[in-house]
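Please keep the model in view while reading.

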Amino acid sequence: MKKKNSVLINKKIEKFNKIVKVAADKSLSLRALMLASQCIGISKIKNLLESEDVLNCLKALRTLGVKIVKDNNIYSIYGNGLNSFKTKKKVTKIFVGNSGTTARLLSGLLSTQTGRFYLYGDQSMNRRDMSRIIEPLEKIGCFFYPQKKKTLPLTIEGTSIPLAQKHIERKGSAQIKSSILLSALSTPGVTTIEEKKISRNHTEIFLNKISADIKIKKSKKGNLISLTGQKNLYAFNYTVGSDPSSAAFLIALALLTPGAKLTIPDVICNETRIKYIKILKKMNANIKIKNLRKDPNSGELLGSIVVSSSNLKPITVSKDIGTVIDELPILFVIASLTKGISKFKSISELAHKESSRAVEMKKIITQAGIKCKNTKDSMTIYGKDKIDNRKKFILVKTKGDHRICMSSVILSLATGIRTKINNFETNTSFPSFISLIKKNLGAKIEIKKN
């Protein structure tokens, strides 16, 4: 992993009243690139997030022979249809950086592509679990080598005669679901996914937009998704909306700063992405979604989020945790600065992210003088609404996890606790995070080169 800078914060942020646009959505940027590579014709993508994860995905597709051109901030992807990747004679080496989404979703596309593909990432990515997609993808006929290895680097040997499958998804993971759906695009017959735990549905919305043969039957207990494969897909135009997971950090700062008000326009308000806002409302947050509309370009709901500082109350969260998985670290910060006991259950998925996020957040929260208990599947926080920041110092060793980094910044700015964050990283999802809160919201932050 390359060296990162350190971030130093010594002062609490002052109240603000601003309109701020946040970075484009990472999940949709990645899906737009990968799906465009499988379409026939030239797809054009506006407002693509130019973060490390997305740029590594773009480079991976270029390695596979996909022509991608940027002109006037519009990306043109020259697709040649399903299974059109170009491969090397022996093995095609593909670097995915720190992007778990790229690694897992691209594996779905490669599983039905004839050839051998060596996938590898950075130090962090190479520690993360891939077994969750290996098992369902091997059922269609591809192979992963070395056998029984659960982490990258891995070699995928694609199959030219994939088999449709019936998968029961119990983890609430959008990446598993999406990986199977992308493999199903080139698989004859009907692939079905019985979704027991609801997760983000961006892939389903996108596939429907580009006229894939996908059907979704909703029930009280989940969804039944079916996709009939081997149907040609055609080029599309797409504009990526603002990322609600990036907006989550600024929302938290506004809630926790007395007298603050913030408006964030054009945020994706997909039902599977606004669980965070629903939780905050239950905590008595003064937060509203205005100008809610369906974007004809993407099929996604967009809206303006308006939030003001609030007197919050504690919360217990246990259901649909998969739809708020990326926002849990910042929710832990909010709960820490809310008087009372907050409980978060069924959070084991956090261990499969860039770091074991519950463990890392506990280290940070306890340094702020807040009691916190966690198990493999739960977090209990004994929050305080008043923090004595005198004589306190927080040292954050983030292991390069962008959401831990951003959560630590918000905790420090909201409390005024002197904080040093080593190995600071937001380039994977929100490259402009520090400059935005400094220039737009007036935060005092020092960046120190290591």
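Lysine 290 belongs to strand 16 (residues 286–294), strands being DSSP runs of E with at least two residues and helices runs of H or I with at least four. Its relative accessibility of 44% makes lysine 290 partly exposed, the class between buried (under 20%) and exposed (over 50%), computed with a 1.4 Å probe and protein chains only.

The model is predicted: local features need pLDDT of at least 70 and side-chain atom pairs pLDDT 80 or more, whereas totals for chains, interfaces and linings use all residues. Residues are numbered from 1 along each chain, and side-chain values use heavy atoms, without hydrogens and water.

Across the whole structure there are nine aromatic pairs, defined by ring centres within 6.5 Å, with planes under 30 degrees apart stacked, over 60 edge-to-face and the rest tilted. Phenylalanine 95 and tyrosine 120 make a tilted pair, with 5.2 Å between centres and 50 degrees between planes. Because phenylalanine 95 is in strand 6 and tyrosine 120 in strand 7, this pair ties together parts 25 residues apart in sequence. Phenylalanine 95 is partly exposed at 33%, and tyrosine 120 is partly exposed at 30%.

The pair of phenylalanine 206 and phenylalanine 236 is edge-to-face, because the planes meet at 70 degrees. Phenylalanine 206 is buried at 1%, and phenylalanine 236 is buried at 6%.

How values were computed. Rings of Phe, Tyr and Trp (its six-membered ring) pair if their centres lie within 6.5 Å; planes under 30 degrees apart count as stacked, over 60 as edge-to-face and the rest as tilted.
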